[in-house]
Amino acid sequence: MHKRHEQEAAVRRDEHGRAHLRLIRDPETGAAQLTLTAAVFKEKWQNELVTVAANAAWSTLRDELDLPPAVELARSAMHLASEMSEQFLDKLPAGTVACKSGCAHCCHQPVGITAIEAIAIVDRLRQTLSETELSRVAERVAEAREKARGASTAERFSAEQPCPFLEAGQCSIYDVRPLVCRGMNSRDAEACARIVSDPAARDEFLANPATGHAFAVPVRVSLSLSVGLQLGLFELYGLDMRPLDLIAAIHLLLTRGPPLESEWLLGEAPFESARASEGGIDARTRVLMGGAGS
Ligand code: SF4
């Protein structure tokens with residue numbers, strides 16, 4: 001049996017000096033793959049999903065670090081998240097899942113996203129909308145950005161603050177909606193409605209999100225894939241993958257245009273002003289993701 005060659009894959013380390021990815025190469029075949037230096041999640045299957053996404057990032061971009069393959073990578077992760085969530089939800093007894101067409105309570109809250117997802121969304125908008133339609137979307141996003149500016153996380157759980165992509169109760173970017181949105185599947189639509197309409201229910205949920213009504217598995221699928229993309233793109237390519245606010249990130253992309261994407265691809269931090277706030281969506285998802293390791 002040949003000894004595997006191991007080497008750190010990281011070109012970047014986190015603020016604690018840690019690298020999470022390691023490259024393992026078979027000396028005989030030359031085949032190489034990324035593994036984790038230590039578990040990120042308690043659940044083994046979640047760590048496996050992290051490495052699936054990190055390896056996809058590596059194999060997709062190692063020959064060409066450019067926007068088209070990066071967008072393709074984001075879409076693949078989105079597709080896989082939906083596919084795995086649907087497989088889980090399809091096995092539940094009929095009537096267990098409360099979500100249905102036109103129900104959009106969960107689209108009235110801050111949404112976390114990564115730069116690569118935001119870029120994939122705007123790429124789709126530019127590909128499919130006319131100039132007039134794109135201007136209308138940009139106006140709606142700008143209005144939502146103004147409403148959200150200075151509002152607390154709690155205040156953004158509000159019927160007055162719908163996601164700008166919500167149109168007549170439907171997601172207008174369904175095919176490229178963020179990973180987080182794909183993870184949100186509820187067992188209780190009335191509880192979702194209360195969180196948006198009743199400040200006491202909202203505060204209780206924000207104080208203890210684990211008591212929420214979303215199925216944990218789809219949330220964990222989406223988060224594991226997101227973490228894999230974050231680690232792969234940051235550690236291998238030095239790309240800024242810190243969590244962003246959906247509305248703020250899309251607003252930046254639509255107002256600044258393609259130069260912003262190029263800066264991001266060069267390893268700069270053009271999304272700084274769109275960073276998701278501490279105590280917002282990230283605090284809630286940290287609980288739902290099943291206890292991340294150190
Ligand atoms: S992107 Fe779509 S699914 Fe996500 S919050 Fe907005 S409207 Fe809802």
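What percentage of the contacts in the protein chain with a separation of 6 or more comes from residues 24 or more positions apart? Such residues account for 74% of these contacts, two residues being in contact if their C-beta atoms, placed from the backbone, lie within 7 Å.

**Figure 1. Overview of the predicted protein chain.** The model is predicted: local features need pLDDT of at least 70, side-chain atom pairs count only at pLDDT 80 or more, and totals for chains, interfaces and linings use all residues. Residues are numbered from 1 along each chain as its sequence is written. The protein chain contains eleven helices and seven strands; helices (H or I, at least four residues) and strands (E, at least two) are DSSP runs, numbered from the N terminus. Of its 294 residues, 40% count as buried. A residue is buried if 20 or more other C-beta atoms lie within 10 Å of its own, exposed if 12 or fewer, and partly exposed in between.

**Figure 2. Surroundings of the ligand.** Around the ligand stand Cys 107, Val 111, Cys 163, Phe 165, Leu 166, Cys 171, Ile 173, Arg 177, Pro 178 and Cys 181, a residue being near a molecule if its C-beta atom, placed from the backbone, lies within 6 Å of it. Nine residues of this shell are nonpolar, none is polar and one is charged. Ala, Val, Leu, Ile, Met, Phe, Trp, Tyr, Cys and Pro count as nonpolar, Asp, Glu, Lys and Arg as charged, and the others, Gly among them, as polar.

Figure 3. Helix 3 (residues 115-128) is mostly covered, with ten of its 14 residues buried. Among them are Ala 118, Ile 121 and Val 122. Not counting residues up to four places away in sequence, Ile 250 touches Ala 118, Ile 121, Val 122 and Val 141.

**Figure 4. The buried face of helix 6.** Cys 192, Ile 195 and Val 196 are buried in helix 6 (residues 189-197). Seen down the helix axis, the buried residues fall within an arc of 95 degrees, so they line one face of helix 6; the arc is that of the directions from the axis to the C-beta atoms. These buried residues pack against helix 7 (199-207).

**Figure 5. The loop at Ala 168.** Ala 168 lies between strand 5 (166-167) and strand 6 (170-171). Although not a glycine, Ala 168 has a positive phi of about 50 degrees. Ala 168 counts as exposed because it has 7 C-beta neighbours inside 10 Å.
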